[in-house]
Amino acid sequence: MSRHLWISARILALLVAVYAVRSVSPVHAVARPIVAVSSGTINRNERSEASQEYPNEARAIPVEQYASPVEMLMSPNGARLYVLCQESGEIQVLDAFSGRVLKRIGVGRVPRGFTLSPNADKLYVASSWDDHVAVIDTQRLQVIATWKVGAEPTSIAVDHSGTQLFVANRISNDVAVLNAKTGSEQRRLEAGRGASYLTMATDGSRLLVTHVYPNLGEYRTVPESEITVIDPHNAHVVERMPLHSIAGAFHVALSNDGHLGVVAHLHPKNLVPLAHVEHGWIFGDSITVFGTDIGKGIHGSVEVPLDELDRYFSYPFGVAIAPDKRHIYVTNAGADVVTVVDVSKLLAYIHAHPGGFAQNLGASAHYVTARIAVGANPRGVLLSRDGRHLYVANRLDDTVSVVNTSTERVEKTFPLDGPKTISALRKGERIFYSARYSFQGQIACTNCHIDSTFDGLTWDLEPDGFGIGIVDNRMLEDIRNTAPYKWNGSNPNIPTECGIRTEKYFWRSQNYNDRQLADLTLYIRSIPARPNRWRLPHGQMTSAQERGRALFVRSKDNFGNPIAEKNRCVYCHSGPMGTNQTSFDVGTGKRTDLSGVFDTPQLTNIALTAPYLHDGSARSLEEIWTLYNPADRHGRTNDLTKDQLNDLIEYLKTR
Amino acid sequence: MKKRLLCWLLSLTATAAIAQIPKMPLFRFENFTVANGLPDNHVYAVLVDRDRVWAGTENGLGLYENKHWKVYGTADGLAHRAVLSLALDQRTGDLWAGTMGGLSRISAGRIDSYTQLNSGLSNNVVYGVAVEGDNVWVATAAGGCRLNTRTGEWTLYNDHNTPMSEIWTYNVTATPEKVYYAVWGSGVLELNQKTGRWDKYDDPDGENELVLFKDQGLVHEIVTSVSYVDNILWIGTYMGDSRYDGRYWHNFLMKDSGLPSNFTNLVKGVDATHAWFCTDKGLAYYDGVNWAVYRPSLKDGRPEMTVRDAAGKVTRIAVTTAPAHNYVLGIDFQGKDIWVATAKGLSHGVRLNAK
């Protein structure tokens with residue numbers, strides 16, 4: 001093949017593009033993006049992404065539909081392995097011994113969690129983008145009902161009597177309690193922000209809830225998360241276990257005797273200037289252990305680092321405790337390994353260090369006994385009942401690793417049904433979720449953009465001086481046509497944002513090569529906006545939203561005075577994304593900012609992304625105008641009545 | 001022998017006399033002040049949640065549990081130290097506290113606060129709060145509002161969209177069918193939740209303090225409290241109280257009832273016929289016919305209980321305890337017991353004649 005032809009083939013192989021909906025089948029129920037891409041050299045100084053970054057955009061082809069397994073369950077007799085596939089929107093039912101796929105059951109868009117009924121005759125699946133629970137008859141292996149639930153149901157649990165279902169809703173930050181027979185919702189329990197993962201105690205006495213975002217706190221204070229503890233009998237929240245300095249808590253596990261609990265999470269260092277990466281400066285990867293085994297009472301907890309002095313094990317996600325309680329298994333999703341913790345050694349270390357050791361990167365050598373390499377982006381883990389095998393869902397490999405817990409080696413790998421070729425988009429997604437590109441493997445893009453969204457934190461990450469240029473982390477959904485990037489608008493396109501800037505200021509490590517950067521850019525451009533939960537069907541609006549829209553586009557204030565064009569909401573926040581892609585000084589600059597001129601942020605799903613303003617100083621949409629717009633520079637708003645401001649906000653939530 | 005006979009006769013006489021007095025609840029009051037752990041003696045509101053008791057005081061929110069007080073303040077996230085009103089979400093166990101500086105939700109120890117600056121709350125001075133389904137209804141110094149806890153949407157009710165002529169709402173009571181606001185100087189507002197229609201009940205005599213015709217309508221425009229139970233609306237005002245069954249009004253004034261005062265801070269209906277009245281001159285109970293008043297004597301501060309029968313005969317009952325103060329601001333029930341918020345302490349009324 002001539003060099004010419006080889007390059008053409010390479011370009012063709014990497015073609016893909018912008019949003020379209022693939023035909024829906026029971027298995028392929030997910031609205032799939034189609035992404036346009038080129039490969040090869042990208043001119044990082046080019047400004048127009050659409051025309052120059054992706055010259056072959058016209059030649060768009062559909063992307064592959066990968067399974068992306070994230071969670072697993074096993075039938076009581078150990079014969080079947082149920083694998084929850086997030087991207088293909090299905091359950092793949094496997095023979096647990098051979099790994100053969102027996103059945104594929106479509107359940108809805110972006111399922112994230114599932115559970116079996118106590119007698120295992122039903123499988124309840126939470127489909128986070130359809131806001132429903134799919135009920136599967138495990139005899140017939142088919143969906144027999146779908147029940148509407150809250151906003152972005154992400155995990156589901158059932159009580160021991162099989163009468164109540166608990167559903168964690170990520171967007172509405174609560175746990176819905178459903179009648180397990182009818183699906184009717186009985187109540188909502190206030191959880192933490194980004195309620196996402198549920199674990200029922202073996203004896204059914206308590207239900208634990210973890211959260212992917214920290215609770216909203218005071219400006220520039222240490223992130224505070226919680227484990228919400230629910231009494232399943234009366235369906236009340238009975239306790240909130242604090243997780244200090246934690247943002248991004250994922251799975252939580254309890255030992256069979258209930259005396260030991262473990263939660264996997266991130267420990268961001270967002271308050272200090274990001275002066276360097278080494279010594280865990282930006283992120284710590286850790287678990288918190290709690291329970292009476294810790295020796296500090298049920299309320300006691302200890303943060304346990306998993307990192308090493310010169311190597312990090314990014315993004316602890318899945319966690320399991322061996323039936324004999326000798327080991328804890330944690331997936332490190334950004335490092336493609338499973339970390340094995342020896343419980344007795346850990347407890348001895350904890351008791352020998354009563355003052356805590358969360359920042360001690362040398363500590364893990366005393367209790368981490370193995371790092372088992374598995375597939376790409378390992379997420380959920382599942383132990384066989386006898387504890388001899390550990391199943392690991394490799395999300396970006398479409399495989400399940402079967403680890404022999406005695407040898408601590410992967411014994412088998414079960415491939416799931418789905419495409420076998422790896423597209424450029426998939427490669428980009430792998431780069432996004434992998435920490436291998438940063439110095440000593442400390443961070444991946446997803447550390448701050450959890451599940452390709454945001455983290456609810458503000459960071460001091462600019463190379464402009466300590467304490468200068470504090471910035472709120474912006475969400476990545478549907479950003480492909482919102483250039484420039486960065487709050488100061490200095491990055492003209494995504495390759496600049498993700499290439500030079502990321503490599504230099506975040507990774508402090510190797511550069512991406514051009515192909516990797518193209519793939520990563522392709523993936524980021526493909527991240528869709530999740531469904532907006534405040535919009536009514538068919539473009540309808542509530543009366544409050546209608547009134548709010550009128551205020552958004554108004555040209556006269558309440559006193560009949562004309563509002564200058566540039567001082568109308570709709571001027572800067574124009575177009576489908578809610579940005580005119582231009583920077584303005586809206587009077588929100590502070591002494592800690594080098595300039596008061598900021599990029600106009602897009603409004604996509606703005607209701608979800610608190611805090612607000614460039615530095616996250618507004619904790620709610622209301623505060624943007626009640627506290628930070630005294631001179632009407634951020635739009636003419638000081639004439640609004642309280643009713644009108646509420647209406648404006650109801651409209652903004654629909655964006 | 002003579003002595004024993006005399007005692008027996010006296011006892012018989014006393015029993016006969018008591019038998020003619022309507023049997024009203026008797027209590028032994030145990031009082032709490034700062035001396036035994038209450039955050040502040042000025043108690044605006046009290047709420048019982050099974051074996052736990054919440055006290056909204058001028059200087060923090062107190063929780064009495066297992067015979068100990070735990071105090072929540074602004075450092076814990078409370079919107080303001082002065083807690084004016086309390087409501088329990090029975091379904092979730094969450095407590096809502098209306099304060100001088102916003103509305104707070106207390107959920108398993110975590111406090112989230114809503115203010116007029118950080119949320120759609122109409123005003124920071126929250127006089128009243130009620131929970132109905134997913135809705136939290138709020139009475140503020142600048143109108144009423146409703147928070148839908150599922151959607152996060154705030155809806156404001158004021159002179160723009162209701163018949164409210166004043167926006168100083170003092171109290172709210174809510175059911176899935178009806179919501180009532182007590183409006184200071186503007187009567188009672190009723191929202192029919194099925195139709196979305198607002199109605200307004202005013203004093204037919206206007207804003208003066210006359211009552212020209214008894215039971216012709218709401219007793220007075222300065223309404224401080226509403227309590228809707230068993231389809232009956234009990235109303236407290238600064239100039240007497242009213243009972244409204246949807247068609248007929250019945251008013252209560254000192255001159256023709258057992259009320260110790262016309263100045264009522266709060267009325268709480270037990271059912272369609274029984275209600276408690278928290279006044280500036282004591283706590284009153286009405287059983288549909290008879291009245292009982294509990295208070296420290298206005299003359300000498302000694303414990304006092306009086307019973308007024310249907311004929312208007314008032315009998316003093318010998319008691320050894322009374323609520324902490326005669327300025328009563330709130331009441332709640334714990335089985336047969338009562339808890340009473342007063343201007344100078346919180347009182348636990350332990351029921352003595354429950355059977």
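pLDDT is the predictor's confidence in each residue, on a scale from 0 to 100. The model is predicted: local features need pLDDT of at least 70, side-chain atom pairs count only at pLDDT 80 or more, and totals for chains, interfaces and linings use all residues. Residues are numbered from 1 along each chain as its sequence is written, chains are lettered from A and ligands numbered from 1 in the order in which they are written, and side-chain values use heavy atoms, with hydrogens and water left out.

**Confidence**
- The average pLDDT of chain A is 89, and 89% of the residues score at least 70.
- Residues 1-61 of chain A stay under 50 in pLDDT, yet the model has 150 contacts (heavy atoms within 4.5 Å) beyond four places in sequence for them.

**Extent of the interface**
- Chain B puts 26 residues in contact with 30 residues of chain A.
- About 2,100 Å² is buried between chain B and chain A, with carbon and sulfur atoms giving 42%; buried area is the accessible area (1.4 Å probe) that two parts lose on being put together, summed over both.
- On the chain B side, R110(B), L117(B) and R150(B) lose the most area to chain A, together 28% of what that side buries.

**Charged pairs**
- Four salt bridges are counted between chain B and chain A, each a side-chain nitrogen of Lys or Arg within 4 Å of a carboxyl oxygen of Asp or Glu.
- E190(A) and R105(B) form a salt bridge through their side chains, at 3.0 Å from N to O.
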